[in-house]
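Here is a friendly walk through the model you are about to see. Keep it open beside the text as you read.

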Amino acid sequence: MLAVWAQRKIRAHAMGEYSMRVRSRAVAILAALLIGLGSASGAGAAPASAASNVTARWLLYQIPVTNETGWSTYNRALFDYPADLNGDCQNTRAEVLIAESRASVTYTSARHCYVRTGRWYSYYDGVWGTLASRFELDHLVPLYEAWISGARRWTTADRRRLANDTAFGATLQIVTSAVNQAKGEKDPASWLPPRASARCTYAIRWVQVKYRWRLTMDSAERGVLSRLLSGTCGATMIAVPARGR
Ligand SMILES: [Ca+2]
Ligand SMILES: [Ca+2]
């Protein structure tokens with residue numbers, strides 16, 4: 001099953017879309033295949049060790065702080081999610097379910113468009129599970145938050161790329177439906193993962209995604225993140241994310 005999936009991804013790479021979900025064992029296999037084919041030089045495919053040269057706290061302070069506006073004009077449809085950007089019948093949710101599964105997945109039909117089972121870990125609440133229907137694809141920075149912190153001024157094409165960003169592991173992640181619904185459209189000033197040990201990772205990823213997509217943050221959000229990204233958490237060395245737009 002992994003081989004079939006890897007072949008699909010190689011085709012996707014040839015079409016200009018490439019996943020670098022380093023957390024996935026399946027993608028590790030894919031990366032080895034791509035290196036073997038001499039084609040690992042696609043956008044965003046730099047080795048993980050190449051740019052771990054800033055602290056998480058430094059990255060936080062690269063993000064502009066402004067008031068957020070545009071609440072009344074938010075429309076989720078303007079993000080075109082979930083899309084199937086590479087036309088292989090698997091939408092973004094299915095692609096990330098496959099990439100994040102710690103075991104081979106099964107599908108709902110012979111066409112392999114939708115995932116039925118696998119093995120996933122929801123780090124917000126520390127829950128493991130095997131039924132895809134129990135998990136949701138979380139936009140780490142919710143689409144509403146993206147809208148009010150910059151995406152309202154983008155083209156629909158750019159919003160589609162953010163909402164379906166499978167090229168950067170932090171943007172989209174599989175979490176339990178329960179914790180995703182508790183999170184809703186909140187930013188870190190209003191919601192943090194219930195599992196306290198997940199909060200450092202959450203804060204780092206939040207900052208990475210805001211930086212990648214040139215989004216802003218409001219002052220309350222900055223305050224919470226500055227507190228989280230202090231001490232050893234803030235000193236975590238990370239790569240500067242490739243810009244998404
Ligand atoms: Ca697809
Ligand atoms: Ca905010």
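## The hairpin and its sheet

Strands β3 and β4 make a hairpin with four residues between them, where strands are DSSP runs of E with at least two residues and helices are runs of H or I with at least four, both numbered from the N terminus. In the turn, Gly126 has a positive phi of about 70°. This is a predicted model, in which local features need pLDDT of at least 70 and side-chain atom pairs count only at pLDDT 80 or more, while totals for chains, interfaces and linings use all residues. Residues are numbered from 1 along each chain as its sequence is written, and chains are lettered from A and ligands numbered from 1 in the order in which they are written.

β3 covers residues 115–122 and β4 covers residues 127–131; the two pair in the antiparallel sense over four bridges (pairing requires that DSSP finds at least two bridges between the strands). Within β4, Val127 is the bridge partner of Ser122, and Gly129 is that of Trp120.

## Confidence and overall make-up

How far can you trust the coordinates? The mean pLDDT of the protein is 85, and 79% of its residues reach 70 or more; pLDDT is the predictor's confidence in each residue, from 0 to 100. Over residues 1–50, however, pLDDT stays under 50. Where pLDDT is low, the predicted coordinates should not be read in detail.

The protein has ten helices and seven strands. Among contacts with a separation of 6 or more, 74% join residues 24 or more positions apart; a contact here has C-beta atoms, placed from the backbone, within 7 Å.

## Two nonpolar cores

A nonpolar core is a set of buried Ala, Val, Leu, Ile, Met, Phe, Trp, Tyr and Cys residues joined through C-beta atoms within 7 Å. The largest has 27 residues, of which Ala146, Ala203, Trp206, Val207 and Leu225 touch the most other members. Helices α3 (56–60), α5, α6, α8 (199–212) and α9 (219–228) each supply at least two residues to this core, and α8 gives the most, with six. Apart from this core lies another, of 16 residues, among them Val96, Val105, Val175 and Val179.

Leaving aside neighbours within four places in sequence, Ala146 is in contact with Val141, Ala151, Leu162, Trp213 and Leu215.

## Helices and a strand residue

Helix α4 (residues 92–100) is mostly covered, with nine of its nine residues buried. In helix α6 (residues 156–163), the buried residues are Arg159, Arg161, Leu162 and Ala163, and they pack against β5 (135–139) and α5 (143–148).

Asn53 and Ile238 are 185 residues apart in sequence, yet 6.1 Å apart in space, C-alpha to C-alpha.

Technical notes
Two residues are in contact if their C-beta atoms, placed from the backbone, lie within 7 Å. A residue is buried if 20 or more other C-beta atoms lie within 10 Å of its own, exposed if 12 or fewer, and partly exposed in between; C-beta atoms are placed from the backbone.
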